[in-house]
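Open the model in your viewer and keep the selection panel at hand. This tour goes from the whole chain to single side-chain pairs.

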Amino acid sequence: AVPPAPRVPRPAPRNGLTEELREVISNTKQVENEMAMVEARLGDLEDELAEQDKTVEILEVETEEERLRTHRLQTRILQLESH
């Protein structure tokens with residue numbers, strides 16, 4: 001059997017590398033926080049858009065109802081004028 005390879009101790013990280021790693025971790029946390037805030041704002045905007053879409057649908061229905069009423073009134077006026 002082959003004996004296991006001897007473990008080579010890892011050199012201790014250099015100060016510059018450690019500081020760079022800390023900075024990367026800090027930046028990553030900051031970006032994650034910003035992403036969470038952006039996602040929350042996006043959710044709010046999606047809710048607002050859904051509400052506005054509902055309002056538009058209601059207004060479209062009301063507009064169509066008014067068109068029908070106007071058409072009926074015009075038809076009735078024409079009928080009354082012809083008699």
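Exposed means over 50% relative accessible area, buried under 20%, and partly exposed in between (1.4 Å probe, protein chains only). This is a predicted model: local features need pLDDT of at least 70, side-chain atom pairs count only at pLDDT 80 or more, and totals for chains, interfaces and linings use all residues. Residues are numbered from 1 along each chain as its sequence is written, and side-chain values use heavy atoms, with hydrogens and water left out.

Start with the whole protein. It has 1 helix and 0 strands; helices (H or I, at least four residues) and strands (E, at least two) are DSSP runs, numbered from the N terminus. Select residues 15–82 for helix α1. Of the 83 residues, 0% are buried.

Now the salt bridges: a side-chain nitrogen of Lys or Arg within 4 Å of a carboxyl oxygen of Asp or Glu. The count is 5.

Select Glu-19 and Arg-22. Their closest N and O atoms lie 3.7 Å apart. They are 3 residues apart in helix α1, so about one helical turn separates them. Glu-19 is partly exposed at 45%; Arg-22 is exposed at 54%.

Go to Glu-64 and Arg-67. This salt bridge spans 3.3 Å, N to O. Glu-64 is partly exposed at 39%, and Arg-67 is exposed at 53%.

Finish at Arg-69 and Glu-66. Their closest N and O atoms are 2.2 Å apart. Arg-69 is partly exposed at 41%; Glu-66 is partly exposed at 45%.
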